Amino acid sequence: MGLKHYLPILDWSRTYNRSAFSNDMIAAVIVTIMLIPQSLAYALLAGLPPEAGIYASIAPIILYAIFGTSRALAVGPVAVVSLLTASAIGQVAEQGTAGYAVAALTLAFLSGGFLMLLGVLRLGFLANFLSHPVIAGFITASGILIATSQLKHILGVDAYGHTLPEMIGSILSHLGQINWITVVIGVSATGFLFWVRKGLKPFLKSVGASRKLADVATKAGPVAVVVVTTLTVWFLGLDRTGVRIVGDVPQSLPPLTLPGLSPDLVKALLVPAILISVIGFVESVSVAQTLAAKKRLRIDPDQELIGLGAANIGAAFTGGYPVTGGFARSVVNYDAGAETPAAGAYTAVGLAIAAVALTPLVYYLPNATLAATIIVAVLSLVDFAILKKTWGYSKSDFAAVTATILLTLGLGVEVGVASGVVISVLVHLFKTARPHVAEVGLVPGSQHFRNVDRHSVETSPEVLTLRVDESLYFINARFLEEMVKNRVAEGCSIKHVILMFSAVNEVDFSALESLEAINEHLKDMDVGLHLSEVKGPVMDRLKQSSFIKDLNGSVHLSQFDAWQALLRDLKCDAVQMRSQTPTAKN
């Protein structure tokens, strides 16, 4: 069982049959057709030779099929990781040099090693430090940066920059160099691809094509535009008019390569590798979980770390660069009927054949076509609706999304993703530093206690019950302490305070000291402190200290038991009704 846990292929391969093989092969053919132009385009985005995109889609897919747990995830180059790669290695080497390619290999190796380490130590939960709104903001900003970075290829100009102001300024300063033939090719390809994505399938269905044929034709749209533009450039000799083309692409299988491990290079790329690993893992595991849920399957996030780590290490030794699970290709893989990770392995075989036999055919492929492929793909990532959703639901999340978008656009992707992590943590700390603590009373005719600001409930002026709706730790312990002291000071007739702990899952040492301070303060005021509905693990921890023994009151199994016992002790049968209009904030 232990071996099957680390090698999931030993599990699903036992039940592999002819039906699964047929479905996986069909999915592999469709995904291969989609991946050929996409891999070339993403290599261009990363600033690497086009063949690097193909190489990064062969060995990594096979290794993920062995170690990964998702039945449909398709691993390879993706837009955001390609952009992060270009940003990271562009700081240590000049694009087009051997050092640039070696830096890409090193980045993949470090990323793979970090992912493997997290997987072995079962630390996949660390990815949760990036909240979904922050991820959505980062991906939206990255999509804008990627699309903007490709405008230079659409216009046929030399431009530079890693931030939106730099890119726009550079493009504007080179407008005099526009190659109008390149513009025609780029704009035509972009418009056609947008139509393929939105209008081709409805059109084919309207003329009587089957659903399956319409799906295949839609997925093959990028291949069609590659063929047409390549033939056009070749037949008309447009490369001699300044149209930039892919040129020579090595006709071979992925070579055996070695990443550079010099201390200076590793030091320069370590932090970017960690950031790429986190972003890639979050994107990959989100897609994998979504697709698994559709078939009532499950994935193991920690084993996913190992699978993605193995894929990146494989890329480092076969001429690639950092990879992860891609949303678009994984959805295509799933919709095409992939049943097992073997579909990925068959895709790798198809790409290997393409690397050996088809690369001479892309010699005249215009860079503008690849740029169009990237622009159409990444603009689907741009989601400004997240701003409206978070503004209406949570202003703090809106602030986090907005800050992440602006920082990514203004300062670059590395600053953007790092700030995203920091902002996610700060938002969490902000929310938990001031936990919701509600004064509750008894709902008439029941044993339930509810917020006095929301419900008509029974209360006693001598008994104050506060429901703590958050675990207690160093960041919020003093908040509770001050709140209890202030509330008791306001109610001169209060004789007992009950802390209802039904939502408290943890009490750390700082919070324990605050509880002890509350107990001593109330003892000095001759006010009893009681606890109710304390969870077993929390009580076990409290019993390890002297707090329970020194408690100026008692611990009750339920809040209703505490309420009845204290009213009996006070010989108080009368309670007062508190009627409140429900509010949205309490």
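Predicted model: local features only at pLDDT ≥ 70, side-chain atom pairs only at ≥ 80, totals over all residues.

Biologist: Which helix is Val233 in?

Modeller: Val233 belongs to helix H13, which covers residues 221-236.

Biologist: And what does Val233 touch, leaving out residues up to four places away in sequence?

Modeller: Its contacts are Ile185, Leu238, Asp239, Val243, Ile245, Tyr364 and Pro366.

Biologist: OK, switching to Ser284. Buried or exposed?

Modeller: Ser284 is buried, because its relative accessibility is 0% and the cut-off for buried is under 20%. Ser284 sits in helix H14, residues 263-294.

Biologist: What's packed against Ser284?

Modeller: Setting aside residues up to four places away in sequence, Ser284 touches Leu73, Glu304, Leu308, Thr324 and Gly325.

Biologist: How about Asp335, buried or exposed?

Modeller: Asp335 counts as exposed, because its relative accessibility is 55% and exposed means over 50%. Asp335 is in helix H16, residues 327-335. If you want a distance, the C-alpha atoms of Asp335 and Ile181 are separated by 37 Å, and the two residues are 154 apart along the chain.

Biologist: Now helices. How many residues of H6 are buried?

Modeller: 11 of the 11 residues in H6, residues 79-89, are buried, so the helix is largely enclosed by the rest of the structure. Among them are Ser82, Thr85 and Ser87, along with Val80, Leu83 and Ile89.

Biologist: Let's do helix packing. How do H8 and H18 sit relative to each other?

Modeller: The axes of H8 (residues 132-149) and H18 (residues 367-379) cross at roughly 165° and come within 9 Å. H8 and H18 are therefore roughly antiparallel, since angles over 145 degrees fall in that class. The crossing of H8 past H18 is left-handed.

Biologist: Which residues make that contact between H8 and H18?

Modeller: From H8 it's Gly143, Ile146 and Ala147, and from H18 it's Ile374, Ile375, Val378 and Leu379. By class, the contact of H8 with H18 has 6 nonpolar residues, 1 polar and no charged ones.

Biologist: And what about H3 with H18, what's the angle there?

Modeller: H3 (residues 18-45) packs on H18 at about 95°, and their axes are 9 Å apart. H3 and H18 are therefore roughly perpendicular.

Biologist: Who's in the contact between H3 and H18?

Modeller: H3 brings Pro37, Leu40, Ala41, Tyr42, Leu44 and Leu45, while H18 brings Asn367, Leu370, Ala371, Thr373, Ile374 and Ala377. That contact of H3 with H18 divides into 10 nonpolar and 2 polar residues, with no charged ones. Ile374 of H18 shows up in the contact with H8 and in the contact with H3.

Biologist: Zooming out, how many helices and strands does the chain have?

Modeller: The chain has 26 helices and 10 strands. Along its principal axes, the C-alpha trace spans about 100 × 60 × 60 Å. Of the 586 residues, 51% are buried. Among contacts between residues at least 6 apart in sequence, 80% join residues at least 24 apart.

Biologist: Last one: what's the average pLDDT of the chain?

Modeller: The chain averages 88, and 96% of the residues score at least 70. Over residues 582-586 the pLDDT is below 50, and beyond near neighbours in sequence that stretch has 9 contacts in the model.

Notes. Residues numbered from 1 in each chain as written. Heavy atoms only, no water. Axes fitted to C-alpha atoms, helices over the stretch in contact; angles between N-to-C directions. Helix = DSSP H or I, 4+ residues; strand = E, 2+ residues; numbered from the N terminus. Parallel < 35°, antiparallel > 145°, perpendicular 65-115°, else oblique. Left-handed = near helix turned anticlockwise from the far one by under 90°. Contact = heavy atoms within 4.5 Å. Nonpolar A, V, L, I, M, F, W, Y, C, P; charged D, E, K, R; others polar. pLDDT = per-residue confidence, 0-100. Buried < 20%, exposed > 50% of the residue type's maximum accessible area, 1.4 Å probe, protein only.
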